[in-house]
Amino acid sequence: MIQEPTAENPQNSPAHVEDMYQNWFLDYASYVILERAVPAGADGLKPVQRRILHAMKEMDDGRFNKVANVIGQTMQYHPHGDASIGDAMVGLGQKELLIETQGNWGDNRTGDPAAAARYIEARLSKFANEVAFNGKTTDWQLSYDGRKQEPITLPMKFPLLLAQGVEGIAVGLSTKILPHNFCELINASIQHLKGRKFELYPDFLTGASMDVSAYNDGLRGGKVRVRARIEKADPKTLLIKDVPYNVTTSQLVDSILKANDSGKIKIKSVTDNTAAEVELNIQLATGISADQTIDALYLFTDCEVSISPNACVIIDDKPRFTTISELLKASVQHTKDLLLLELQIKQTELENDWHYSSLEKIFIENRIYQRIEEETTWEGVLQAIDTGLDKFKKKLRRPVVEADLVRLTEIRIKRISKFDAFKADEHIKGVEATLEQVATDIANLTDYTIAYYNGLLKKYGKGRERKTELRSFETLNASQAVLANARLYVNYKEGFIGTGLKKDEFAFECSDLDQIIIFRKDGKMIVTKVADKTFVGKDIIYVAVFQKADERTTYNYIYTDGKTGMAFVKRFNVTGVTRDKEYDLTKGNSQSKVQYLSANANGEAEIVRIMLNPASKARQKEFDFSFADIEIKGRSSGGNQLTKYPVKAVKLKEKGRSTLDAPQVFFDIETGRLNRDGRGRLLGNFEAEDRIIAFYEDGTYELTDFEPTNRFPTEHLLHLEKFHPEKPVTSIYWDAAKEVHYAKRFLIESNQLRTRYNFVREGSGNSLKYVSTESEPVVILRSGKKKSEWTEQTLSLAETIDITGWKSVGTKIAAADLKEVVSAIEEGEVPTLF
């Protein structure tokens with residue numbers, strides 16, 4: 001019991017707690033860090049994993065063993081029970097590297113558990129036997145009960161820690177190292193040995209795509225973003241084809257249903273059809289955009305996850321935070337040292353073999369064994385053999401010791417009688433050749449290590465290609481992606497807005513993530529978040545959803561100054577504000593009031609009729625004013641003087657046209673998205689009615705608007721441009737059934753948005769090879785069986801192919817041996833239309 005401090009012993013309680021901390025807690029923390037949670041840097045294994053592999057090696061006879069038996073064998077070394085051993089072994093087996101499995105080992109994609117240990121079997125893989133075990137180079141220690149010897153670390157000649165990844169939580173620290181690609185790790189090791197730079201990024205067995213721009217070489221503070229692959233099966237169906245790392249399909253379904261319940265997305269159903277391949281089928285609600293839903297899935301569900309690595313390993317019995325590159329370099333050096341040690345051990349064994357084989361040959365050929373016939377003592381026998389060898393010792397590479405003499409006495413008479421001098425010489429020559437090769441390998445250790453890595457890659461690299469696609473992710477705007485899941489109501493007179501004011505006037509639908517911009521009669525403006533009920537000031541005249549950084553929406557504004565009574569006019573944008581802060585859009589004088597306000601999405605400048613007070617001294621009581629006559633300035637500008645006389649009313653006379661240039665739209669091939677930020681290829685300036693046309697490898701085209709929310713699958717996209725309906729489309733496609741290439745020219749007739757139209761002959765294997773909207777397309781057709789024997793034909797498609805309907809078959813232009821179609825303008829380049 002901890003006692004209260006007293007006058008006699010004021011430090012009683014603190015001293016007792018400090019002793020407890022020093023003696024108990026720190027011991028426990030050190031034990032958890034070193035013996036349970038954090039892997040060793042030398043072999044990349046936690047103690048339980050190392051003990052499992054060691055037990056399996058002891059049991060290894062080439063056949064599968066029941067996992068229950070392996071667990072029992074491992075318990076001789078691991079003091080924490082069968083459950084932890086079983087879980088760790090299943091984890092090792094699911095990584096498909098060190099353990100070959102048989103039976104139901106679960107599925108980390110769906111979260112299904114493995115069958116009971118008595119029903120599943122395992123054995124060490126050939127790869128594990130080659131890279132992880134060598135009793136001659138292993139350091140040993142006593143097991144926890146002192147009955148057995150276990151390895152301190154396995155002699156791992158491979159960056160296993162980076163290949164498998166690891167995650168552990170200890171006392172006061174944690175580690176998370178993401179798995180990396182097998183082949184890339186070996187190639188990076190070779191690059192390091194050659195003195196070249198290398199880059200390493202994670203790779204997951206579950207596939208998906210990943211943005212590694214902030215990976216930071218695996219250090220704390222870095223992160224990767226991982227996304228599931230989502231495909232549009234049709235305008236109303238989305239298919240999720242894989243899952244992010246450490247996310248199961250059941251977790252993903254739950255997150256989708258949760259987002260649907262909260263109104264972030266609107267779907268009819270989600271069905272998990274996962275079998276050999278992952279597939280989640282999402283049926284969209286009526287009237288919902290597939291592209292917008294994809295964005296919302298990435299924003300509000302586990303279709304996208306952010307993973308923060310934290311590379312911490314045990315080095316010299318201490319936890320150390322490091323980088324992935326440093327871990328690989330340390331692994332390469334460790335592998336190089338182990339290979340050197342193996343070569344040195346082999347060299348010693350060969351030298352011993354050569355020495356004894358030479359002694360044996362001398363002993364038998366020169367009948368030295370006859371000298372011991374008359375000896376009566378053991379010492380005399382050894383002395384006689386040693387004397388007989390004296391004149392031959394100069395031919396040996398090291399002195400003859402007593403152990404050599406003893407070994408010669410153990411040669412059987414049968415061996416002496418059947419001794420073959422020729423075979424003995426051949427054996428010695430073979431040993432000498434091997435010794436020479438070992439010496440060469442030691443002298444050229446770096447080249448030997450590179451050859452070792454190349455051997456691993458050749459034997460085990462097949463089927464271990466990268467599964468996770470590396471790509472740049474666009475920054476998604478949550479307020480644009482979220483669906484309208486709320487209804488906003490406004491009390492214009494009293495100055496309240498909110499989703500809970502259902503007795504007041506309905507304004508519009510919005511989302512609970514939106515921000516609302518409000519203009520008041522007194523010339524004040526405020527931006528606030530959607531809430532149940534918010535007071536924003538009396539006499540509201542305009543309410544809308546606020547779009548941050550919107551440089552096109554222009555507000556046309558007329559107000560009367562409260563001090564002078566003059567009317568001022570101004571045009572301005574609102575691009576950025578501090579939320580819930582009031583902004584005065586007048587000259588700041590009390591009693592100012594707004595006479596006219598319009599919000600124009602594309603900077604339109606209307607004409608208004610100004611009606612002055614009938615009592616004013618102005619000769620002309622009414623006149624027209626065009627907002628196009630003034631420039632767009634900042635919102636804090638006081639504006640231009642419209643009239644010095646009191647204004648009675650302002651009325652719209654004529655709607656205006658945009659005074660802004662049509663926005664430039666770009667296409668970013670990396671993300672498959674449109675943008676107005678200058679990223680990617682310029683498609684052109686777009687008016688409101690303009691469209692985008694996209695052509696796909698399966699022979700379909702699609703018309704869309706130019707909203708940034710649109711997505712285009714770049715892996716299947718052949719060409720994308722601004723749509724000009726007057727331009728004929730020229731295409732060449734492959735008919736797999738008839739083994740013929742056809743060319744056709746046609747005008748786009750069907751122009752419904754977001755609908756795929758097939759313009760090539762339907763059939764399995766048919767594909768589009770070339771498409772262009774040039775007025776005079778000229779192509780080069782390259783045909784032949786071998787590339788060195790290709791023949792070329794230049795063809796003007798405008799001259800040889802007539803314009804027909806988009807459903808026509810087309811004209812045959814080449815057979816099956818057509819290998820490449822290149823635009824004559826791009827002669828000599830890889831054909832691409834991006």
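Modeller: Let's start with Asp735, which is buried at a relative accessible area of 1%. This is a predicted model, where local features need pLDDT of at least 70 and side-chain atom pairs count only at pLDDT 80 or more, while totals for chains, interfaces and linings use all residues. Residues are numbered from 1 along each chain as its sequence is written, and side-chain values use heavy atoms, with hydrogens and water left out.

Biologist: Why is Asp735 called buried?

Modeller: Buried means under 20% relative accessible area, exposed means over 50%, and partly exposed is in between, with a 1.4 Å probe and protein chains only. Asp735 has 1%, so buried is the word for Asp735.

Biologist: What makes Asp735 and Arg761 a salt bridge?

Modeller: The rule asks for a side-chain nitrogen of Lys or Arg within 4 Å of a carboxyl oxygen of Asp or Glu. The closest N and O atoms of Asp735 and Arg761 are 3.1 Å apart, so the pair passes. Asp735 belongs to strand S40 (residues 729-735) and Arg761 to the loop between strand S42 (757-758) and strand S43 (767-772), so the bridge ties together parts 26 residues apart in sequence. Helices (H or I, at least four residues) and strands (E, at least two) are DSSP runs, numbered from the N terminus.

Biologist: How many salt bridges does the rule give?

Modeller: The count comes to 45. One of them pairs Arg123 with Glu100, at 3.0 Å from N to O. Arg123 sits in strand S3 (residues 121-124) and Glu100 in strand S2 (residues 99-102), so that bridge ties together parts 23 residues apart in sequence. Arg123, at 24%, counts as partly exposed, and Glu100, at 26%, is partly exposed too.

Biologist: What makes the Arg466 and Glu184 pair a link between distant parts of the chain?

Modeller: Their side chains meet in a salt bridge at 2.8 Å, N to O. Arg466 is in the loop between helix H15 (445-460) and strand S17 (469-470), while Glu184 is in helix H7 (residues 182-193), 282 residues apart. Arg466 is partly exposed at 23%, and Glu184 is partly exposed at 26%.

Biologist: How do you know that there are no disulfides?

Modeller: A disulfide here is a pair of cysteine sulfur atoms within 2.5 Å. Searching the whole structure turns up zero of them. As for the cysteines, Cys303 has 0% relative accessibility, so Cys303 counts as buried, and Cys510 is buried at 2%.

Biologist: What makes the largest pocket a pocket, and what lines it?

Modeller: Everything runs on a 1 Å grid over the protein atoms alone: a cavity is a set of points where a 1.4 Å probe fits but cannot get out, and a pocket is an open set with protein on both sides within 12 Å along at least five of seven lines. Lining residues have an atom within 4 Å of a point. By that rule 46 residues line the largest pocket, with Gln480, Asp550, Arg676, Glu707 and Pro708 nearest its centre. Helix H16 (478-481), strand S24 (540-545) and strand S35 (673-675) each supply at least two lining residues.
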